[in-house]
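Thanks for coming, everyone. Please have a look at the model on the screen, and then I will walk you through it.

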Amino acid sequence: MAVLPINQAEEKIIETVERNPVVVIIGETGSGKSTQLSQILHRKGYTKSGIVAVTQPRRVAAVSVARRVAHELDVPVGEEVGYSIRFEDRTSERTRIKYLTDGVLLRESLSNPELHQYSVIILDEAHERSLNTDILLGLMKRLVKMRSSNLKVLITSATLDGEKVSRFFSNCPILTVPGKLFPVEIVYSRERPTSYIESSLKTALDIHVREPEGDVLIFMTGQDDIEKLVKALEERVQSLEEGSCMDAVILPLHGSLPPEMQVRVFSPSPPNCRRFIVATNIAETSLTVDGVVYVIDSGYVKQRQYNPSSGMYSLDVVQISRVQANQRAGRAGRTCPGKCYRLYPSFVYREEFPEVTVPEIQRSSLAGSVLYLKSLDLPDIDILKFDFLDPPSRESLEDALKQLYLVDAIDENGSITDIGRTMAELPLEPSLSRTLMEANEFGCLSQALTVAAMLSAETTLLPGQSKGTEKKRKHAPSNLPDGSGWGDHIQLLQVFENWDRMDYDPRWCKDNDLQVRGMMFIKDVRKQLSQIMQKIAKGPLDVQANQRWKETQQDYRSLRRALCVGYANQLAERMIHHNGYRTVGYKSQLVQVHPSSVLKTDENGMLPNYVVYHELIATTRPFMRSVCGVEMQWVTHILKKLEKLDIDKLSGGIKPSNERSNREEPLDLQKKDSDAVKAPDDS
Ligand code: ADP
């Protein structure tokens with residue numbers, strides 16, 4: 001195995017880590033930060049006093065890197081080297097190196113605020129600036145103060161502005177690991193193509209015919225585009241008139257691929273064969289594919305953006321930042337000089353692209369994060385002044401507070417309630433955790449667990465189609481249940497119940513075009529959620545959580561009522577004369593039920609007067625996705641709460657601010673005295 005740049009800097013890294021509780025490490029993607037740092041620390045004895053944790057913003061990276069490290073150390077995954085992602089824990093008593101998503105580490109800190117099991121915490125891929133990593137940065141600042149003698153925090157990044165993070169951690173040292181990057185020639189297009197898929201196809205074929213050997217990495221924006229391009233490439237490569245003296249293999253790479261498909265990109269290409277890897281921006285920094293000599297960069301990325309004034313998400317294809325463009329180009333120069341074909345003119349790069357990507361904290365709904373921060377046992381004053389690397393807007397914090405108030409997680413003064421505390425313990429978004437709690441009261445926990453599992457398992461159910469795409473449900477086979485007219489949540493429940501009645505027979509899934517693997521995972525997630533509920537429910541659970549489907553069930557009324565409580569902040573009212581809806585609690589806007597929904601009209605052709613929705617998403621128009629009909633009498637309570645809502649009282653002083661003067665005193669982390677920061681025993 002080739003020696004990676006990180007290994008060459010091993011001594012310097014250890015020396016700096018021994019003398020400082022927090023170190024920022026900057027190194028090119030592929031320099032070995034994710035796979036090697038943990039092993040270096042392991043070799044130096046840091047795993048004797050605790051586990052070395054490495055966080056990843058992406059689930060797929062946590063799994064892939066853990067597998068790789070286990071392979072390098074020649075141990076089975078789940079023993080000395082393991083990973084933990086939401087709903088999948090592959091660690092054991094023996095685990096010394098643990099890869100986990102940033103969200104899982106946040107959750108662990110709820111039950112163990114000092115994270116005692118860890119001797120080192122590496123926040124990897126910090127440049128991605130995921131919402132959870134940003135919150136972890138703030139928490140780590142507190143934690144090193146509490147555990148300064150026995151905790152090391154390493155923050156690693158490919159591109160991150162190291163100075164900024166270093167300042168955040170009281171000027172902690174920055175180590176830059178020089179990467180061996182070969183020159184990459186940048187080729188710009190003269191103009192923006194009308195179709196970047198077409199243009200990528202043409203460029204890829206040109207490379208195949210004209211350029212010497214070397215794999216091609218093509219950046220697309222999402223799974224749908226990837227599938228289209230893979231298909232087109234497969235067809236065209238075979239029928240190339242000019243031909244190429246090489247064979248071609250075409251490989252997709254995105255987060256929803258089954259693991260066995262993902263690992264295919266890590267095997268080197270067969271002799272005399274060129275690989276075309278068609279990827280999302282997952283290949284930008286999270287996963288490094290070796291052998292790439294040519295990069296095709298569309299200049300676009302799909303980005304989820306939340307608008308706190310409308311409560312709406314949009315999934316937009318937006319221009320990448322200059323930092324991202326440079327990262328993409330860098331992928332071509334890892335093994336030899338490479339070429340990057342930018343499908344946009346150079347002035348677009350210089351003048352239109354933003355310098356850096358907007359951090360997720362400034363484009364997400366913060367309800368879950370604010371609930372999390374409130375549930376930590378910190379004195380309230382600390383939460384109000386929570387130290388963010390880049391603070392979110394006041395509007396988005398207020399929106400989060402309003403959402404939490406409507407689902408009873410905080411009271412009118414903004415203080416966390418008992419309900420809120422219990423909700424925070426569930427690894428679910430606030431709407432679903434609230435639904436589960438209410439369902440327990442109404443005696444329909446079993447059904448609510450199924451719905452929560454179906455909605456949060458993050459798995460693809462229908463083969464060959466991405467989760468959440470518009471096609472998905474429209475083309476769902478008609479023999480699936482129809483939600484009894486009440487909508488999509490009830491349909492999800494019925495799908496699972498039907499499978500349950502068939503004793504979880506995989507053939508039933510196949511007959512109904514549902515992915516067996518996805519359904520099995522949902523079953524497992526449901527079981528885990530039920531175990532968590534058993535643990536945290538104050539009294540005995542009203543319904544045995546693992547109770548099977550009952551013939552006696554009537555019209556799912558209790559479940560819909562529980563959903564109405566959980567989704568109190570995702571409520572819409574039908575317009576008087578037609579089937580359009582108006583959202584309640586946000587600036588009034590007209591929204592439609594998504595065409596894929598199974599919600600039914602009554603005998604007069606009308607949809608229910610009120611619905612709750614799982615998600616509001618702007619595509620061609622604003623659509624509510626996954627809707628459930630609810631009753632007026634349940635809604636009254638929500639409307640009353642909205643009338644009473646006093647946002648100033650609720651914010652109780654939360655004033656996000658860039659002014660450092662507002663914040664905690666800076667820490668003195670740079671303890672040069674090596675006695676104060678004991679190096680672990682290396683004997
Ligand atoms: P960084 O974190 O600095 O981007 P990594 O540690 O992820 O770097 O990658 C270092 C090397 O390990 C790269 O050559 C990469 O291709 C290889 N690698 C990483 N993950 C895997 C894997 N799952 N299988 C095979 N090789 C891998």
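I will start with the whole protein, then go to the ligand, then to the strands.

First, some ground rules. This is a predicted model, where local features need pLDDT of at least 70, side-chain atom pairs count only at pLDDT 80 or more, and totals for chains, interfaces and linings use all residues. Residues are numbered from 1 along each chain as its sequence is written.

Now the overview. The protein has 25 helices and 21 strands. Helices here are DSSP runs of H or I with at least four residues, strands are runs of E with at least two, and both are numbered from the N terminus. Of the 683 residues, 47% are buried. Buried means that 20 or more other C-beta atoms lie within 10 Å of the residue's own; exposed means 12 or fewer, partly exposed is in between, and C-beta atoms are placed from the backbone. Next, contacts: two residues touch if their C-beta atoms, placed from the backbone, lie within 7 Å. Take the contacts between residues at least 6 apart in sequence: 75% of them join residues at least 24 apart.

On to the ligand. Which residues are the closest to the ligand? They are Lys-33, Ser-34, Thr-35, Arg-68 and Phe-266, out of 17 residues that surround the ligand. Near, here, means a C-beta atom, placed from the backbone, within 6 Å. By class, the shell holds ten polar, four charged and three nonpolar residues. The nonpolar class is Ala, Val, Leu, Ile, Met, Phe, Trp, Tyr, Cys and Pro; the charged class is Asp, Glu, Lys and Arg; the others, Gly among them, are polar.

Take α3. Nine of its eleven residues are buried. Among them are Lys-33, Ser-34 and Thr-35, which are also among the closest to the ligand. Gly-45 follows α3, with a positive phi near 90°.

Now α4. This helix has 14 residues and spans 20 Å from first C-alpha to last, close to the expected 20 Å. That expectation is 1.5 Å times one less than the number of residues. Buried residues in α4 include Val-60, Ala-61, Val-65 and Val-69. What do the buried residues of α4 pack against? They pack against α3, β2 (51-56), β3 (81-85), β5 (97-101) and α10 (259-262). After α4 comes Asp-74, with a positive phi near 60°.

Next, the strands. Two strands pair if DSSP finds at least two bridges between them.

Seven bridges pair β11 with β12 (residues 273-279) in the parallel sense. One example is Pro-252, whose bridge partner in β12 is Val-278.

Is β16 (residues 338-342) mostly covered or uncovered? Mostly covered: five of its five residues are buried. Gly-338, Cys-340 and Arg-342 point one way, while Lys-339 and Tyr-341 point the other. β9 and β16 pair over five bridges, with Ile-186 opposite Cys-340. Then β13 (residues 292-297) joins β16 through four bridges, and Ile-296 has Tyr-341 as its bridge partner.

Another parallel pair is β1 (residues 22-27) with β8, over four bridges. Here Ile-26 stands opposite Thr-176. In β8 (residues 174-177), Leu-175 and Val-177 form the covered face, and Ile-174 and Thr-176 the uncovered one.

Last, a hairpin. β18 (residues 581-584) and β19 (residues 590-593) run antiparallel, joined by two bridges. Five residues lie between them, and Gly-585 in the turn has a positive phi of about 95°. Tyr-581 is bridged to Val-591. β19 also pairs with β21 (residues 622-630), in the parallel sense over two bridges.
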